Amino acid sequence: MSKKAAAKKPAKAAKAAKPAKSVAKASTTSSKSLLVENRVFKPDAGFVKKARINSMAQYKAMHVESLKNPDKFFGREAKELTWSKPFTKVLDWKCPNAKWFTGGKLNVSENCLDRHLNGPRKTKAALIWEGEPGEKRVYTYQQLHREVCRFANVLKRHKVKKGDRVIIYMPMIPEAAIAMLACTRIGAVHSVIFGGFSAESIKDRVLDSGASIIITADGGYRRGAVVPLKKNVDDALKAKDTPVKTVVVFKRTGQDIHIEEGRDVWWHRELEYVDAKCPAVALDSEADLFILYTSGSTGKPKGILHSTAGYLLHAQMTCKYVFDLRDDDVYWCTADIGWVTGHSYIVYGPLALGATCLMYEGAPNWPENDRFWKIIEEYAVTVFYTAPTAIRAFMKWGDEWLKKHDLSSLRLLGTVGEPINPEAWMWYHHKVGGGKCPIVDTWWQTETGGHMITPIPGAVPTKPGTATLPFFGVDVGIVDDLGNEVGTNEQGKLVIKKPWPSMLRGIWGDKKRYQETYWSDFKGWYFAGDGARRDKDGYIWIIGRIDDVLNVAGHRLGTAEVESALVSHPSVAEAAVVGRPDELKGQGVVCFVTVKEGIKTGRDLSEELKKHVRKVIGPVATPDEVRFAAALPKTRSGKIMRRLLKQIAAGETLKGDTTTLEDINVIAALSAASGED
Ligand code: WTA
């Protein structure tokens, strides 16, 4: 054990903490809170000294200006981007359509790479990568620029043009970021699919986006096993109507794969045909940048569309103010590149700011439970951004894994993806941060593009379990069904009342759904799908999703998606899926299933259905439990009463009104039912 790590004294941090002035009651629905932590943690003095924003007064003044005079505020911030042609107007807003920085032209890859080549950053590490088996690679800004240009030329060689969609289905390797940046260089629109999604999910996304090309790898490493990425792509492309003409395959694992002549090409071979010069195309501020599919409350994932200038600005600005990234930071975000966190906070934000970004391919517990801590020590990581679900797993594995490593390089910690329970927050604060690192609990969504509610670490005192206050330009409301602000500590619906630069610009190919999903509940306001409350200090406590979306280990999953996967199995007549609190994953997936006449229920079918869901959606959606039932609880009009199912799944005594229930006997049968019967 290192001396420094051993010398950390949690007691010191506890002393620095001031008693709470507010009702800091812990609140998460997604996991059982084991502790109520009432203390308020002032930003560490050492951190404050160097911070860009170092007082509450400064934060407040900037926030007020950003809301009152967005043109001035964002006009000034946007000057920090490199423009090929300056913008003429900051915002053009006609709900629900926002145009930011109209008249301007720029290129994302130029902002992330080329502009850093004129000074000392040219030879600075842009990307430090470690593979799960242990390989290491470092790309300087100059090297990354070269690789991006070369791969952009490969795309051009395959006739990819501005506006064309490119699917990226890759492991967490530098080539995933290179492919993304190469798309932006020529104005192609990428859609990254998380490696934990199945062939069917790829097929759906290919068809919806109309992509003509897929960038993939033979396989990827995860917990010592190989994920058969290319095989999944092959299966996805079996459908005759696929628009895909080309599949570029990066050789990662070297396993045997099928190569379809005339369609599949090797990444390394393609590079032999191209040179390293590729000008960045100047694109309109509002040019489509990427599509990222995410779960909603219907069975069909939505292609969230982001555009160029506003997204990039927000990604850069949040890295500047929330992570307070510096040239000498080693910044590590543990998200997968297949999620929006990987987009904004592994690739675009940190690179636009010229930071050094670490990327790790594999699992946190491979080969042992200390892999993350080992990486932090080895590379002297200074800013670390991860998910509560990972923190809870580490807590479970025990402190001895941490104690083996010197984590004293850390200066700032962050979390994202789900509410963090105070117990996990305190553990993160003491054990990982040594009591000295501010924690930024960042609330945001695929749709918002970047952080929306988050502490500014040098200014805003934190309380375990709350994402605290809104970021610049973000006007939050917590309202009842009629749109009236609810009272202090009362729960309401979270809305955003003003457009912000990185807001989604639409759902790919579905204007109506965009309008209906986000802008119809409250006229002129964005409805996030989350519940929240505000305490008397104005701090916002996220309660969790209030629509039919689950948050499993920080991953969004639509209950309707899992239901449609279940009913696609020949034995299933009907299915209802709900979440139940899970101490590690936040929420677990519980499926209530009625089977067709004559089908035998029991453990075999339960296992088969779990496998079936994995096959249809991907391992990410694997049910925790399948319960068979003769019938599902429904209202007289035939609507499944999920509220009751949730209570049954959680093993709670039923509360609330059951008078609308069609058949009360169903409930008794369900409570007794299990997948083992
Ligand atoms: C949840 C991830 C509480 C929330 C960036 C949101 C959070 C959904 C937090 C979006 C947080 C994200 N505290 N809940 N700090 N961050 N969420 O689109 O329910 O994968 O609506 O984006 O995650 O998930 P998504």
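Select T559 to begin: T559 is found in helix α19 (residues 559-567), where helices are DSSP runs of H or I with at least four residues, strands are runs of E with at least two, and both are numbered from the N terminus. T559 counts as buried, at 3% relative accessibility; buried means under 20% relative accessible area, exposed over 50% and partly exposed in between, with a 1.4 Å probe and protein chains only. Show next the residues that T559 touches, namely D548, L550, V577, V578 and R642, leaving aside residues up to four places away in sequence; contact means heavy atoms within 4.5 Å.

The model is predicted: local features need pLDDT of at least 70, side-chain atom pairs count only at pLDDT 80 or more, and totals for chains, interfaces and linings use all residues. Residues are numbered from 1 along each chain as its sequence is written, and side-chain values use heavy atoms, with hydrogens and water left out.

Now select the ligand. Of the 17 residues around the ligand, those that come nearest are D441, T442, T446, D530 and R556; a residue is near a molecule if one of its heavy atoms lies within 4 Å of it. Three elements each supply at least two residues of this shell: α13 (340-352), β20 (439-442) and β25 (540-545).

An N or O atom in the side chain of D530 is 2.5 Å from an oxygen atom of the ligand. R545 places a polar side-chain atom 2.8 Å from a ligand oxygen atom, and a backbone N or O atom of P419 lies 3.4 Å from a ligand nitrogen atom. A polar contact here is a pair of N or O atoms within 3.5 Å. The protein buries 97% of the 530 Å² that the ligand exposes when taken alone, with accessible areas from the Shrake-Rupley method and a 1.4 Å probe.

Move to helix α9 (residues 199-209), whose buried residues are A199, S201, I202, R205, V206 and S209. Viewed down the axis of α9, these buried residues fall within an arc of 160 degrees, so they line one face of the helix; the arc is that of the directions from the helix axis to the C-beta atoms. Just after α9, G210 takes a positive phi of about 70 degrees.

Finish at V90 in strand β1 (residues 89-94). V90 counts as buried, at 9% relative accessibility.

Key:
A polar contact is a pair of N or O atoms within 3.5 Å; within protein, one must be able to donate a hydrogen and the other to accept it, and residues adjacent in sequence count only if both atoms are side-chain atoms.
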